[in-house]
Amino acid sequence: MKAANYLNIIADQLHPYMAFVFPTENGIFQQENTPYHKARIVLEWFEEHTDQFHLMSWPPNSPDLNLMEHIWDVMEWQLRVQTPPCPNISNFA
């Protein structure tokens, strides 16, 4: 994804949603350290909207802070212990 595309998503989708969910306070938003998250145009947009967003800092190489990684681990564990085993695409060939 390019930074301009990401910025369009932030401005067109996230901004109205956060204004709806947090009408009277700053919403907290978390990004990873991917290049398009750290692009100058994206960071400048967040600076212009500091009255509406609180952008959490994200230490580099911190998988423990990424909740999605923990969710994937739980899902994988549940699929592995499922009885009968969950079929995969190779079972249908």
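This is a dialogue on reading some features of a predicted model.

Visitor: Which elements does the protein have, and in what order do they run from the N terminus?

Guide: The protein has three helices and two strands. Starting at the N terminus, the order is α-β-α-β-α.

Visitor: How much of the protein counts as buried?

Guide: Of its 93 residues, 20% count as buried. The accessible surface of the protein is about 7,500 Å², and carbon and sulfur atoms account for 59% of that area.

Visitor: What share of the contacts between residues at least 6 apart in sequence join residues at least 24 apart?

Guide: The share is 67%.

Visitor: Where is Met1 found, and is Met1 buried or exposed?

Guide: Met1 sits in the segment before α1. Its relative accessible area is 57%, so Met1 is exposed. With neighbours within four places in sequence left aside, Met1 is in contact with Tyr6, Ile9 and Tyr36.

Visitor: How should I read the faces of a helix?

Guide: An α-helix has 3.6 residues a turn, so residues three or four places apart point the same way. Helix α2 covers residues 40–48, and its buried residues are Val42, Trp45 and Phe46. Viewed down the axis of α2, these buried residues fall within an arc of 95°, so they line one face of the helix.

Visitor: Which exposed residues are on the face of α2 turned away from its buried side?

Guide: That face carries Arg40, Glu47 and Glu48. Take Arg40 as the case: its relative accessible area is 63%, which makes Arg40 exposed because the cut-off for that class is over 50%.

Visitor: What covers the buried residues of α2?

Guide: The cover includes α1 (3–21), β1 (27–29) and β2.

Visitor: How do I read a pair of aromatic rings?

Guide: A pair of aromatic rings is described by the distance of the centres and the angle of the planes. The structure holds three aromatic pairs. One of them joins Phe29 and Phe46, a stacked pair with 5.6 Å centre to centre and 20° between the planes. Phe29 belongs to strand β1 and Phe46 to helix α2, so this pair ties together parts that are 17 residues apart in sequence.

Visitor: Is Phe46 buried or exposed, and what about Phe29?

Guide: Phe46 counts as buried, at 4% relative accessibility. Phe29 is buried too, with a relative accessible area of 15%. Phe46 also pairs with Trp45: this pair is edge-to-face, 5.2 Å centre to centre, with 90° between the planes. Both Trp45 and Phe46 are buried.

Visitor: Which residues form one aromatic cluster?

Guide: The cluster is formed by Phe29, Trp45 and Phe46.

Visitor: Where does His49 lie, and is His49 buried or exposed?

Guide: His49 lies in the loop between α2 and β2, the strand of residues 53–55. The limit for a buried residue is under 20% relative accessible area, so His49, at 15%, counts as buried. Its side chain reaches the backbone oxygen of Trp45 at 2.7 Å. Trp45 is also one of the residues of the aromatic cluster.

Visitor: How many salt bridges does a search of the whole structure find?

Guide: The search finds one. Glu76 forms a salt bridge with Arg80, and the closest N and O atoms are 2.6 Å apart.

Visitor: In which helix do Glu76 and Arg80 lie, and how many residues apart are they?

Guide: Both lie in α3, residues 67–80, and they are four residues apart, about one turn of the helix. The general rule for a helix applies again: residues three or four places apart point the same way.

Terms used:
Residues are numbered from 1 along each chain as its sequence is written. This is a predicted model: local features need pLDDT of at least 70, side-chain atom pairs count only at pLDDT 80 or more; totals for chains, interfaces and linings use all residues. Side-chain values use heavy atoms; hydrogens and water are left out. Buried means under 20% relative accessible area, exposed over 50%, partly exposed in between (1.4 Å probe, protein chains only). A polar contact is a pair of N or O atoms within 3.5 Å; within protein, one must be able to donate a hydrogen and the other to accept it, and residues adjacent in sequence count only if both atoms are side-chain atoms. The arc is that of the directions from the helix axis to the C-beta atoms. Contact means heavy atoms within 4.5 Å. Accessible areas come from the Shrake-Rupley method with a 1.4 Å probe; for residues, only the protein chains shown count as cover. A salt bridge is a side-chain nitrogen of Lys or Arg within 4 Å of a carboxyl oxygen of Asp or Glu. Rings of Phe, Tyr and Trp (its six-membered ring) pair if their centres lie within 6.5 Å; planes under 30 degrees apart count as stacked, over 60 as edge-to-face and the rest as tilted.
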